[in-house]
Amino acid sequence: MWFFSSPHIIFGEDALDHLDELPGQRAFVVTDPVLDRLGFTERIGRHLAAAGMDVQVFAQVEPDPSIQTVRRGVEEMAAYQPDWIVGLGGGSSMDAAKGMWALYERPDLEPEEISPVFDLNICKSRMVAIPTTSGTGSEATMYVVLSDPKQKCKISVGNRELIPTLALVDPSLSSQLPPRITADTGLDALTHAIEAYAANFHNDYSDALALKASQLVFDYLPRAYEQGAADREAREKMANAATLGGLAFGNSFVGMAHALGHSFGSYFHIPHGRAVALFLPYVIKYTVNGGVHRYGPLARSLRLTDSQDETTGACLLIDALRNLERRLGQPTAIADMDISAVEFEESLEILCAHALADSSILAAPRMPAGDELARLFLYAFEGKEIDF
Amino acid sequence: MGAKFPSQAWADAMKESVNSSESYAVAAKNWEGDFYFVVSDSDDLIYMDLWHGQCRDAVYTTDPAFKDPEFKISAKYDQWVKVLQGKLDPIQGMMTRQLKLDGNLIKIMQNVKAAQELVGCATNVDTEF
């Protein structure tokens, strides 16, 4: 037995117009200061005003939002008593909004206590998620990733009631993304899709979404990166790929690339998508070397090979990933990222501890034993092919 | 002949399986926490005290007041059979609430390798259902 969960998704240009029809009194918009300055909040506010709603904005979400930021937002929410929460932005803003939503509804909980094993009984408010990047997929999942700056680590929590009520996937919001953010977030979508397909919790429903999301990223991410706003089709396909990837991993799981990426990214302040994508080829090879994997069908679906040999397919998938990363100007080894060997080795113990404690690892098709996690990090530092 | 699940013989066999597993000892070296495994459609309970990669105590009981453990995992007998046969991932079972957890799921999810090794120990017990 397993579940398939999804928000009600409105997608395509003018999807934002759906906000004009929302029934409600007060909307609390959670976003970051950059989007606020660029006028995104004002644009959303006009739609909400058209629906007859009062609007309050919390534009204080930082990259890798902290538990403290969530608590500040909850305090403002509690005073304002919204019936709609609007998460506007990339994964950071949407995750922060979901975290605030949970604690607004359940002030008796600590963020770390949010889990899928009990009912939150959300009853005061609903949530609309509006992504402005194409990668996170947070608009379609129950997961909330927050950072703990003191511990230099991330916590991932979730509950099915935290799947947003609505996801508005309007490609006009991501059309002006700079190339670097386009690449980082697009590779995040791809990592979601590939890890969802490979995860132990995969199922027929998530498989279909993962295959389509992967294909869209390979076909359209280079165009979105190179042509930007000029290629509206690529922007729209990438917006859809991100949400499909979110649905895929939200209904399957992610894997070790996320566990390593969360640990490494939060310690060295590397953007999430760049971090997880960097580890993905290493994790695939590590999984392949363990002998149990399902990358072959993925490679065939991506038209990388007709071969029925599963290892051949997996190796071609790794090659395709590396080629895509190079085309997008992404690092393929940690040593390419202005992190010294000394600094990295000093952090290794804590990186391993955080990766092993990351819940992303729980559905990995191959679980690291002994010193394998440390070796994975070290090989990724050097850009060395995984041989264990 | 295997040990009947649930019974004191099964609890003893499980304790032995855990304490002879090197991979569990490594994976659970930091784990501190005791459990009730509750067969919810009967009065049967298995108590296990797991401490730094070892099982300090394993007891079959029908008395819920025997201990007050940090975690209680409850499931119907048929669901436990699936877990012990390796057909139901216990974390997946908890997420779908086929296994009901009373305790901190995050602590368990932060020790997934240990949880998987523990299930491995259980599947290694020659069990009679």
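**A guided look at two chains**

The domain assignment of chain A gives domain 1 (8–173) and domain 2 (179–382), with bounds taken from an automatic or database domain assignment. This is a predicted model, where local features need pLDDT of at least 70, side-chain atom pairs count only at pLDDT 80 or more, and totals for chains, interfaces and linings use all residues. Residues are numbered from 1 along each chain as its sequence is written, and chains are lettered from A and ligands numbered from 1 in the order in which they are written.

Visitor: Which element gives the largest share of the side of domain 1 of chain A that touches domain 2 of chain A?

Guide: The contact takes 25 residues from domain 1 of chain A and 28 residues from domain 2 of chain A, counting residues whose C-beta atoms, placed from the backbone, lie within 7 Å. On the domain 1 side, β1, β6, β7 and β8 of chain A each give two or more residues; strands are DSSP runs (E, at least two residues), numbered from the N terminus. The largest share is three residues, and it comes from β7(A).

Visitor: Which are the edge strands of the open sheet in chain B?

Guide: The five strands run in the order β4-β3-β2-β5-β6 (chain B), with mixed pairing; two strands pair if DSSP finds at least two bridges between them. An edge strand pairs on one side only, and here these are β4 (54–61) and β6 (100–102) of chain B.

Visitor: What is the bridge partner of B:Phe37 in β5(B)?

Guide: Strands β2 (residues 32–39) and β5 (residues 71–75) of chain B pair in the parallel sense over five bridges. In β5(B), the partner of B:Phe37 is B:Ile73.

Conventions
Helix = DSSP H or I, 4+ residues; strand = E, 2+ residues; numbered from the N terminus. Contact = placed C-beta atoms within 7 Å.
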